[in-house]
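I opened the model today to look at strands and aromatic rings. These are my notes.

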Amino acid sequence: KARDWLDARVPRSLMGFGLAPHSPYTVTGDLIGLLKSASGSRPFSIHAAETPEEGEFLRRGKGPLLDLLLEAGVDMSGFEPPGLGPSPYLDRLGVLGGALIVPAAALEPGDPALLRSRGAAVAFCPRSHSYFRRPPHPLPSLLEGGVPVALGTDSALSNSGLSMGDEMREVRRL
């Protein structure tokens with residue numbers, strides 16, 4: 001249905017439209033794979049490696065992220081953790097190629113090389129990163145590892161505005 005919707009409404013010459021399932025902890029692996037396939041040559045983006053807790057949840061199916069999902073009323077009865085961190089899990093699903101990973105703030109050893117080898121890029125959203133008071137972003141290791149990095153705003157829910165100028169000032173400050 002996603003591919004049909006894109007094909008019917010968005011001419012192929014417009015590259016600004018694509019598919020973006022939220023994250024590997026809110027969307028099933030099967031659906032992520034189907035959406036990546038449906039995106040074809042169009043952009044594909046997913047939030048991943050946001051926090052260390054995401055890695056714990058995907059590897060072991062435990063931790064604060066599970067608690068948050070349960071508190072939100074999400075039925076986790078059928079969930080089986082894939083046993084991998086976010087980047088290797090997305091790689092196993094076959095969706096890293098050409099993907100835009102947002103924000104890649106909690107990368108694990110080997111992730112920059114994996115992202116580069118698959119042709120993935122990262123969107124760094126500095127004001128959102130600061131909003132959550134996270135440890136320093138691994139931006140230097142991504143750049144040193146040859147991973148393309150874009151500057152983004154993320155969401156108005158985790159940012160005081162969507163100004164790219166403000167994002168540039170914040171990345172300079174950081």
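My entries on one strand and on ring pairs follow.

I note first that this is a predicted model, where local features need pLDDT of at least 70, side-chain atom pairs count only at pLDDT 80 or more, and totals for chains, interfaces and linings use all residues. Residues are numbered from 1 along each chain as its sequence is written, and side-chain values use heavy atoms, with hydrogens and water left out.

Entry one: strand β3. I looked up residues 121-124 and found both faces covered. Ala-121 and Ala-123 on one side are buried, as are Val-122 and Phe-124 on the other. (Buried is under 20% relative accessible area, exposed over 50%, partly exposed in between, with a 1.4 Å probe and protein chains only. Strands are DSSP runs of E, at least two residues; helices are runs of H or I, at least four; both are numbered from the N terminus.)

Entry two: neighbours. β3 runs parallel to β2 (residues 100-103), with 2 bridges. Strands pair if DSSP finds at least two bridges between them. Leu-100 stands opposite Ala-121. On the β4 side (residues 149-151) I found 3 bridges, also parallel. There Val-122 faces Val-149.

Rings of Phe, Tyr and Trp (its six-membered ring) pair if their centres lie within 6.5 Å; planes under 30 degrees apart are stacked, over 60 edge-to-face, the rest tilted. I got 2 aromatic pairs. Phe-57 and Phe-79 are stacked, 4.7 Å centre to centre with 5° between the planes. They sit 22 residues apart. Phe-57 is buried because its relative accessibility is 0%. Tyr-131 and Phe-132 are edge-to-face, at 5.1 Å and 85°.
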